[in-house]
Amino acid sequence: MVGQTPTTLNEYYVCPLGELQEKGALGIEIEHPRYRGWEVAVFWDGERVGTLENFCPHQGALLSWGTVEPGQVICPLHSAIFDIVTGECLDRYTYDATAYETFVRGDEVWARLPGRPLKRARV
Ligand code: FES
């Protein structure tokens, strides 16, 4: 279940690995300590998982709606390219995205986040 008690400080279960593998990206709303309605995007590129802040640093487009390619996600609005693990903007179109450490444990995806996951942001 999304948002179950973390095992260590700020380490939370985020989603089932199988669902992420099927969809490639999921937007997750989290209980941010300072901001309401905050979201992260979790990605699967066929080999790796990564979690970034869901709002593109350029003009705030939802990265979970972007195109996932090996190692990267392409912003759906102006096509900036981000590394799904580090958040680095690979084409230097804009600033780097905030990245969160992400783990696969069995068939579960976990991440170190600023707050507890609440729900899927949107389908
Ligand atoms: S909003 Fe993402 S590149 Fe412009």
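This is a predicted model: local features need pLDDT of at least 70, side-chain atom pairs count only at pLDDT 80 or more; totals for chains, interfaces and linings use all residues.
Figure 1. The chain comprises one helix and eleven strands. Read from the N terminus, its elements follow the order β-α-β-β-β-β-β-β-β-β-β-β. The radius of gyration is 13 Å, close to the 14 Å that the globule rule gives for 123 residues, so the protein chain is as compact as a globular protein of that length. The C-alpha trace spans about 35 × 30 × 25 Å along its principal axes. Buried residues make up 33% of the 123 residues of the protein chain.

**Figure 2. Strand β2 and its pairing with strand β3.** Strand β2 covers residues 25–30, and five of its six residues are buried. Strand β2 is therefore largely enclosed by the rest of the structure. Strand β3, formed by residues 38–44, runs antiparallel to β2 and is joined to it by six bridges. Within this pair, E29 has E39 of β3 as its bridge partner.

**Figure 3. The largest nonpolar core.** This core contains 30 residues. The members that touch the most other members are V14, V40, V42, F43 and L63. Two or more residues are supplied to the core by each of the elements β1, β2, β3, β4 (49–53) and β10. The greatest contribution is that of β3, which gives six residues.

**Figure 4. The open sheet β1-β10-β9.** Three strands, in the order β1-β10-β9, make up an open sheet with antiparallel pairing. The edge positions belong to β1 (11–16) and β9 (102–105); each has a single partner strand, so one side of each is left without a neighbour in the sheet. From one strand to the next, the twist averages 30 degrees. Five bridges connect β1 with β10 in the antiparallel sense, and C15 has V109 of β10 as its bridge partner.

Figure 5. Strand β10 consists of residues 108–112 and pairs with β9 over four bridges, in the antiparallel sense. V109 in β10 is the bridge partner of V104. V109 is also the bridge partner of C15. Two residues lie between the strands of the hairpin, and G106 adopts a positive phi near 65 degrees there.

**Figure 6. The open sheet β5-β6-β7.** A further open sheet is built from three strands in the order β5-β6-β7, with antiparallel pairing. Strands β5 (67–69) and β7 (81–83) stand at its edges; because each has a single partner strand, one side of each is left without a neighbour in the sheet. Neighbouring strands of this sheet are turned against each other by 25 degrees on average, direction ignored. Strand β6 (residues 72–74) is antiparallel to β5 and is joined to it by three bridges. E69 lies opposite Q72 of β6.

**Figure 7. Residue S79 in the loop between β6 and β7.** S79 is located in the loop that lies between β6 and β7. Although S79 is not a glycine, its phi is positive, at about 70 degrees. S79 has 13 C-beta neighbours inside 10 Å and therefore counts as partly exposed, the class between the limits of 12 or fewer for exposed and 20 or more for buried.

**Figure 8. Residue R92 in the loop between β7 and β8.** R92 has its place in the loop between β7 and β8 (99–100). Its phi is near 60 degrees, a positive value in a residue other than glycine. R92 has 10 other C-beta atoms within 10 Å and is therefore exposed, the limit for this class being 12 or fewer.

Terms used: Residues are numbered from 1 along each chain as its sequence is written. The radius of gyration is taken over C-alpha atoms; the globule rule is 2.2 Å times the number of residues to the power 0.38. Two strands pair if DSSP finds at least two bridges between them. Axes are lines fitted to C-alpha atoms, for helices over the stretch in contact, and angles run from 0 to 180 degrees between N-to-C directions. A nonpolar core is a set of buried Ala, Val, Leu, Ile, Met, Phe, Trp, Tyr and Cys residues joined through C-beta atoms within 7 Å.
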